[in-house]
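Subject: Structure for your review

Dear colleague,

Please find below the structure that I am handing over to you. My notes on what was found in it follow directly after.

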Amino acid sequence: MKLYKITTLLCLCISTSSWALKSDTEQPIYIDSDNQELDIQKNIVTFTGNVILRQGSIDIRADKVVVTRPGGEGKEAIDAYGNPATFHQLMDDGKPIDGAAKKMRYETDIEFLKMTDEAILIQDGSEIQGKVISYKIDEQKLVAESGKKKRVTTILQPNQMNQNKK
């Protein structure tokens, strides 16, 4: 029941009129870093040192990024590590969504972002904080989970609440 209430609040927090840019996952992935290591047999590339990953409006910044292509091109799993690693994406309405956590996993083919350890997701000034935030970007479905000694924190801005009533 508690998870249902949290999910309901999060749906109010993130506007349903703002969907991730549909063209993002159709764009090439560009990665800049200080170092790169490639394991051709396992199809894994590890980038370290001031890593900047871009795909369309998606921007991930981290200390270390590991890109795995288990099913070939278009099915990348991107693991980002940082203190924190950050995520930024524009929605179709032009508004940004931003996230940060010590660990992130982004699966390009299913547009799924999972942020772990000190996770925060911000849109239109409203924010959600928790131990783990899982976000299905294309469906705008989000689940936040607390740690053992912490709770999920949601901050809703008044302008967001008023926009959702219209």
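Of the 166 residues in the protein, 38% are buried. Please bear in mind that this is a predicted model. The exposed surface comes to about 9500 Å², of which carbon and sulfur atoms supply 51%. The protein contains 2 helices and 10 strands, arranged along the sequence as α-β-β-β-β-β-β-β-β-β-β-α. When contacts between residues at least 6 apart in sequence are considered, 44% of them join residues at least 24 apart.

Nonpolar side chains tend to be buried together in soluble globular proteins. Here, the largest nonpolar core comprises 29 residues, and V65, M104, M115 and I133 have the most contacts inside it. Two or more residues each come from β3 (44–55), β4 (58–68), β5, β6, β7 (112–123), β8 and β9. The largest contribution is that of β4, with 5 residues. As for M104, its contacts beyond four places in sequence include I78, A80, F87, L113 and M115.

Aromatic and charged groups

A search of the whole structure returns 1 aromatic pair. The ring centres of F87 and Y106 are 6.1 Å apart and the planes meet at 50°; the pair is therefore tilted, since that angle falls between the limits of 30 and 60 degrees. The two residues are 19 apart in the chain, with F87 in strand β5 (residues 77–90) and Y106 in strand β6 (residues 96–107). F87 counts as buried because its relative accessibility is 2%, and Y106 is likewise buried, at 2%. Separately, K64 places its charged end over the ring of Y81, 5.7 Å from the ring centre.

The β8–β9 hairpin

Strands β8 (residues 126–136) and β9 run antiparallel and are joined by 5 bridges. They form a hairpin with 4 residues between them, and Q140 in the turn has a positive phi of about 60°. I133 stands opposite A144 in β9; I133 is also among the residues with the most contacts inside the largest nonpolar core. In a regular strand the side chains alternate between the two faces of the sheet.

Backbone details

Three further places deserve a mention. The peptide bond from N83 to P84 is cis, with omega near 0°, and P84 belongs to strand β5. E111, in the loop between β6 and β7, has a positive phi of about 50° although it is not a glycine. Its relative accessible area is 16%, so E111 is buried. D124, in the loop between β7 and β8, is not a glycine either, yet has a positive phi of about 55°.

Strand β1

Y30 lies in strand β1 (residues 30–32) and is exposed, at 56% relative accessibility. Leaving aside residues up to four places away in sequence, Y30 touches I52, L53 and R54. The C-alpha atoms of Y30 and G56 are 9.2 Å apart, with 26 residues separating the two along the chain.

Yours sincerely

Technical notes. Residues are numbered from 1 along each chain as its sequence is written. This is a predicted model: local features need pLDDT of at least 70, side-chain atom pairs count only at pLDDT 80 or more; totals for chains, interfaces and linings use all residues. Side-chain values use heavy atoms; hydrogens and water are left out. Buried means under 20% relative accessible area, exposed over 50%, partly exposed in between (1.4 Å probe, protein chains only). Contact means heavy atoms within 4.5 Å. Accessible areas come from the Shrake-Rupley method with a 1.4 Å probe; for residues, only the protein chains shown count as cover. Rings of Phe, Tyr and Trp (its six-membered ring) pair if their centres lie within 6.5 Å; planes under 30 degrees apart count as stacked, over 60 as edge-to-face and the rest as tilted. A charge sits over a ring if NZ of Lys or CZ of Arg is within 6 Å of the ring centre and within 35 degrees of the ring normal. Two strands pair if DSSP finds at least two bridges between them. A nonpolar core is a set of buried Ala, Val, Leu, Ile, Met, Phe, Trp, Tyr and Cys residues joined through side-chain atoms within 4.5 Å.
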